[in-house]
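Here is a short report for a reader meeting this structure for the first time. Please look over the sequence and the model before reading on.

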Amino acid sequence: DALAASLGETIKLVVRVETEALTIALSHSGNNVPILSRVGTRLPLHLGASQRLLLSRAPPAILEAVAKGPMERRASRTITSPRVLRREVKALRDCTWTATESEGIEGLGAIAALIHDASGTAQAALVAVYIRGKKTTRRLREIRDATIRAADEISQRLGAAARSQSFSKAAEELHVTQSAVSHQIRQLEDWFGMTLFDRRGR
């Protein structure tokens with residue numbers, strides 16, 4: 001919510017489910033992108049920034065299943081060629097963020113950054129969705145930097161909590177309050193629909 005409010009753009013949390021990307025959390029902004037975004041939306045993995053970023057971390061069999069199609073064209077920049085898809089996914093394997101425009105809906109752009117767990121495994125993608133319009137290069141850079149920073153902060157909190165096995169020690173490491181770490185972890189657990197940390201007393 002804080003990221004959506006600060007940027008004035010719609011923010012999504014997306015995870016991979018087999019050959020699709022599932023939106024599991026959504027924070028609306030004041031623009032009209034919310035009309036196009038819903039929790040529970042599923043998109044094929046060839047289509048857009050967060051989808052291909054997650055596909056780049058998927059097992060080879062998933063990539064081959066997606067490449068064998070069908071890969072529906074939805075806008076002018078939709079990737080529909082298996083060869084191009086494989087090339088793009090290969091290029092993303094060393095990247096933690098990416099950006100696309102006019103792939104799912106004409107004129108709509110997205111910047112996605114990966115969220116990693118303590119082991120370094122990508123678990124989700126944080127996505128800023130925006131209407132391209134007359135956005136300047138500077139404005140796009142602001143959206144990109146804020147999205148990457150937010151994804152990194154979430155990953156750091158997951159990693160610090162796992163390493164220390166303590167929210168209070170994680171807070172000390174990150175120089176934030178214990179309640180901030182606890183709130184972030186609880187929010188992630190709500191999003192993922194699972195318990196990430198055992199809270200039993202020691």
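## Basis of the model

This is a predicted model, in which local features need pLDDT of at least 70 and side-chain atom pairs count only at pLDDT 80 or more, while totals for chains, interfaces and linings use all residues. Residues are numbered from 1 along each chain as its sequence is written, and side-chain values use heavy atoms, with hydrogens and water left out.

## Overall fold

The protein chain has 7 helices and 6 strands. Helices (H or I, at least four residues) and strands (E, at least two) are DSSP runs, numbered from the N terminus. Along the sequence, the pattern reads α-β-β-β-α-α-α-β-β-β-α-α-α.

The protein chain holds 202 residues, and 48% of them are buried. Buried means under 20% relative accessible area, exposed means over 50%, and partly exposed is in between (1.4 Å probe, protein chains only). Contact means heavy atoms within 4.5 Å. Of the contacts in the protein chain with a separation of 6 or more, 53% link residues 24 or more positions apart.

## The sheet

Strands of a sheet pair through backbone hydrogen bonds, either parallel or antiparallel. Here, 6 strands form an open sheet, and the pairing is antiparallel. The order is β3-β2-β1-β6-β5-β4. Two strands count as paired if DSSP finds at least two bridges between them. Which strands sit at the edges? They are β3 (42-44) and β4 (97-101), each pairing on one side only. From one strand to the next, the twist averages 30 degrees.

Now take the pairs one by one. Strand β1 (residues 10-17) runs antiparallel to strand β2 (residues 20-27), with 7 bridges joining them. In this pair, Arg16 stands opposite Ala21 in β2. β1 also pairs with β6, again in the antiparallel sense, over 5 bridges. There, Lys12 stands opposite Val127 in β6. β5 and β6 run antiparallel too, joined by 9 bridges. Leu108 stands opposite Ile131 in β6. β5 and β6 form a hairpin with 5 residues between them. Gly120, in the turn, has a positive phi of about 90 degrees. Strand β6 (residues 122-131) is mostly covered, with 8 of its 10 residues buried.

## A helix pair

Two packed helices are described by the angle between their axes and the distance between the axes. Helix α3 (residues 60-67) packs against helix α4 (residues 82-92) at an angle of about 150 degrees. Their axes are 9 Å apart. Axes are lines fitted to C-alpha atoms, for helices over the stretch in contact, and angles run from 0 to 180 degrees between N-to-C directions. The angle makes α3 roughly antiparallel to α4. Angles under 35 degrees count as roughly parallel, over 145 as roughly antiparallel, 65 to 115 as roughly perpendicular and the rest as oblique.

Which residues make the contact? α3 supplies Leu63, Glu64, Val66 and Ala67, and α4 supplies Pro82, Leu85, Arg86 and Val89. These residues divide into 6 nonpolar, no polar and 2 charged. Ala, Val, Leu, Ile, Met, Phe, Trp, Tyr, Cys and Pro count as nonpolar, Asp, Glu, Lys and Arg as charged, and the others, Gly among them, as polar.

## A buried leucine

Leu53 lies in helix α2 (residues 49-55). Is Leu53 buried or exposed? Leu53 is buried, with a relative accessible area of 0%. Leaving aside neighbours within four places in sequence, Leu53 is in contact with Leu92, Cys95, Thr96, Trp97, Thr98, Ala112, Ala113 and Leu114. The C-alpha atoms of Leu53 and Ala112 are separated by 7.6 Å, with the two residues 59 residues apart along the chain.

## Backbone details

Most residues other than glycine have a negative phi, and most peptide bonds are trans. Glu18 is not a glycine, yet has a positive phi of about 55 degrees. Glu18 lies in the loop between β1 and β2. At 55% relative accessibility, Glu18 counts as exposed.

Ser102, also not a glycine, has a positive phi of about 55 degrees. Ser102 is in the loop between β4 and β5 (108-116). Ser102 is buried, with a relative accessible area of 9%.

A cis peptide bond joins Gly69 and Pro70, with omega about 5 degrees. Pro70 is placed in the loop between α3 and α4.
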